[in-house]
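Reader: Hi! Could you walk me through the salt bridges in this one?
Author: Happy to, here it is.

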Amino acid sequence: AAGERVRAETIGTTEEGRVMRVLLISSPENLARLDDIRAALGRLADARTTTPAQAAEIAARTPAAVLLSYSIHGNEPAGFEAVMWVAYQLLASEEPATLQILRNVVTILNPSANPDGHERFTVWYNSLSLGTDEPFAYETSEPWDIQGRYGHYRFDMNRDLIAQAQAPTRAMLGALMRWHPQV
């Protein structure tokens with residue numbers, strides 16, 4: 001519904017075949033020149049070839065890039081709820097502060113850093129959830145074989161940033177290296 005403010009970019013595929021995408025959200029003017037912005041951010045990130053004067057000039061004319069990655073633990077549903085609200089605010093709002101953000105920032109939203117773990121947890125939770133607030137209810141402690149916190153190979157994605165052994169980690173780091181976000 002807000003195609004003039006958003007583009008989707010595929011960043012990888014999980015071990016279970018789920019396509020990972022980021023949403024690129026900005027003003028229509030910025031989205032029309034995404035390749036130029038990405039190239040400028042790459043030059044800005046390379047101090048070996050960019051002088052301080054060139055960096056200042058690039059920073060003055062290029063929107064900042066902000067990468068927001070949600071739900072590295074698949075069993076923490078609040079991240080999925082939060083990313084929907086952030087996307088909605090940036091895509092639907094006409095308030096001056098949001099329009100200023102769109103003019104000055106390319107927001108890169110990764111809705112799920114662990115799609116496989118989230119799917120495993122969601123299927124389990126939705127199959128038995130009663131919505132109770134009882135602290136010892138079954139739905140409050142997932143069984144060991146569910147453990148949505150972990151990815152496909154039951155590896156904690158937070159522990160994979162060095163080894164990059166898991167496909168979702170490589171996808172996220174690829175997006176990071178592609179965009180060189182300041183935040």
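The chat below goes through some of the salt bridges and the residues in them.

Author: First, a note: this is a predicted model, where local features need pLDDT of at least 70 and side-chain atom pairs count only at pLDDT 80 or more, while totals for chains, interfaces and linings use all residues. Residues are numbered from 1 along each chain as its sequence is written, and side-chain values use heavy atoms, with hydrogens and water left out.

Reader: Thanks! How many salt bridges does the structure hold?
Author: It holds 10, a salt bridge being a side-chain nitrogen of Lys or Arg within 4 Å of a carboxyl oxygen of Asp or Glu.

Reader: Which residue does Glu94 pair with?
Author: Arg5, with the closest N and O atoms 2.8 Å apart. The pair links distant parts of the chain, 89 residues apart: Glu94 is in the loop between α4 (78-92) and α5 (96-104), and Arg5 in the segment before β1 (6-13). Helices (H or I, at least four residues) and strands (E, at least two) are DSSP runs, numbered from the N terminus.

Reader: Is Arg5 buried or exposed?
Author: Buried, at 5% relative accessibility, whereas Glu94 is exposed at 57%. Buried means under 20% relative accessible area, exposed over 50%, and partly exposed in between (1.4 Å probe, protein chains only).

Reader: Switching topic, what does Glu9 meet in a salt bridge?
Author: The side chain of Arg178, at 3.1 Å from N to O. Glu9 lies in strand β1 and Arg178 in helix α7 (residues 167-179), so the bridge ties together parts 169 residues apart in sequence. Glu9 is buried at 12%, and Arg178 is partly exposed at 39%.
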